[in-house]
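Dear colleague,

Please find the structure below, handed over for your use.

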Amino acid sequence: MSLEDRLTRRQMLAMTAGAGAASLLGRTPAASAQPASATPRATDASRPNVLYVFADQWRRHALGCMPDADPVQTPHMDAFARQSLVLPNAIAGFPLCTPYRASLQTGLYPPGHGLTTNCSPNQKGLELGTEHRCIAEVFGDAGYHTAYFGKWHLCEPSVNRDPRPNDGAGGWDAFTPPGPRRQGWQHWFAYNAMDRHMRPHYWRDEPTPIEFDRWSPTVETDELLRYLRDDRDADRPFLAMVSWNPPHPPFIAPREFMARYPDDAAGLPRRANVTGRWPKRHDDPKYQRYSRVTSLDAAMHAYYAATTSIDHEFSRILAFLDEAGLADNTVVVITSDHGEMLGSHELMSKNQPYEESIGVPFVVRWPGRIAPRFDPLLMNTPDVYPTLAGLAGLQAADSVEGLDHSDHWLGKRDTCPGVTLIQGPRSPQNPAAGWRGVRSQNDALWTWSPRHDNPESVRYSNLVNDPYQLELANANIGPKPRVDELYTAMLDRLSATGDPAAQRLA
């Protein structure tokens with residue numbers, strides 16, 4: 001059942017009533033979005049291949065074709081975008097690695113899958129459960145061959161179970177054995193979590209890591225192309241996911257791509273919300289050893305270079321699809337799990353409610369079926385699974401909370417919701433903690449504490465008048481009818497997903 005179906009009639013009326021409804025709902029009510037389980041199954045002849053490629057910590061602004069783009073070189077992705085549906089309002093509603101990936105696989109919001117922070121050595125027993133009917137299982141049961149490449153980050157690290165695990169994994173990493181913990185993925189070339197961009201390792205079906213002395217996106221792209229050429233069943237459609245780790249820190253990139261930018265990014269334009277000051281908390285030597293940089297200029301230099309490198313890898317994928325005659329019947333998505341602050345508001349990393357953190361690139365091509373255009377659709381992470389299933393004519397699991405936007409992508413009808421949830425990390429031991437909010441096409445609201453206790457903790461952002469979010473209003477000085485409207489919508493969405501923060505913030 002979709003999230004919209006779980007809203008009560010009272011909640012839906014509260015969200016749509018009054019003069020503010022048009023601005024809250026954009027173009028049409030969110031209830032017009034199709035429940036994920038209502039799409040009929042497709043015939044074999046009409047099923048497309050689906051290729052979902054996503055980078056880690058790649059923000060919306062680091063794509064050259066986007067409005068107000070960073071000074072980044074992504075010529076192949078820009079050309080791809082001219083053939084594609086581009087969603088400049090795509091959101092990583094939980095801008096952190098593991099929660100995003102859990103929502104991607106399950107179509108659930110965090111209370112539904114239970115992962116509200118990263119799987120790590122600090123979180124004993126935390127990993128994606130096997131009780132969910134995930135996207136690869138639905139596609140696999142319908143006859144698709146499913147394949148996963150790159151970073152997984154949905155399993156508990158091996159060292160949590162054994163200080164000297166037999167799979168050779170250290171730190172946050174783990175071998176995910178064949179079986180239910182792979183959540184339906186049949187072909188496997190992956191690791192759980194590690195940041196060795198220049199010397200990566202992977203597992204297939206044996207607990208022995210396979211090591212490489214090459215840039216990890218190149219290795220993963222090579223493996224994808226080998227799979228498409230040699231390993232897949234040509235008589236069956238495929239669902240493939242590729243998860244590149246760069247431009248996630250450490251901030252490094254191959255020399256040929258570093259050379260395409262001025263040394264340390266000196267002289268490159270900066271966003272209006274970037275002062276250039278290096279965040280004090282990142283003066284920690286431990287962070288600097290991990291990130292490989294000690295200044296914002298150096299971080300920008302490597303971040304843009306790494307992004308240009310994945311643009312190159314993406315061009316290799318597109319060229320292969322053309323040469324193999326697969327392009328016309330393959331849905332290709334290029335996107336990210338979340339953004340990177342990169343000095344905006346004097347912050348680095350993710351986990352923030354700002355656009356640089358929650359905003360992700362999202363570009364979709366299906367030649368002859370999805371019309372090329374920029375579209376303001378609000379697309380959140382749980383929507384991906386039911387939407388891709390809908391394009392293939394498949395039924396997502398009844399438990400799925402995301403919306404099926406396949407008709408919207410195909411231009412058949414408007415399914416844009418009025419708002420979509422955004423939220424930040426918290427420990428499994430305190431699931432009501434952290435910030436919550438909502439994002440619409442034109443504005444956003446978020447808070448850490450109830451407005452009746454602390455109105456100044458409520459932040460309202462008008463993205464049309466203040467795209468850099470430099471003049472955030474609080475509940476005392478913001479536009480009261482709109483703040484009330486968005487706050488009510490946030491509480492309703494939190495209640496619909498079973499989030500304990502709904503009671504705390506009411």
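R369 sits over the face of W366, 4.3 Å from the ring centre (a charge counts as over a ring if NZ of Lys or CZ of Arg is within 6 Å of the ring centre and within 35 degrees of the ring normal). The model is predicted: local features need pLDDT of at least 70, side-chain atom pairs count only at pLDDT 80 or more, and totals for chains, interfaces and linings use all residues. Residues are numbered from 1 along each chain as its sequence is written, and side-chain values use heavy atoms, with hydrogens and water left out.

There are 20 aromatic pairs in the structure (rings of Phe, Tyr and Trp, the last by its six-membered ring, with centres within 6.5 Å; planes under 30 degrees apart are stacked, over 60 edge-to-face, the rest tilted). Y148 and W188 are stacked, because their ring centres lie 5.7 Å apart with planes at 25°. W152 and W188 have ring centres 5.1 Å apart and planes at 75°, so this pair is edge-to-face. Both W152 and W188 are buried, as is Y148 (under 20% relative accessible area, with a 1.4 Å probe and protein chains only). One aromatic cluster comprises Y148, W152, W185 and W188.

Note on methods. Buried means under 20% relative accessible area, exposed over 50%, partly exposed in between (1.4 Å probe, protein chains only).
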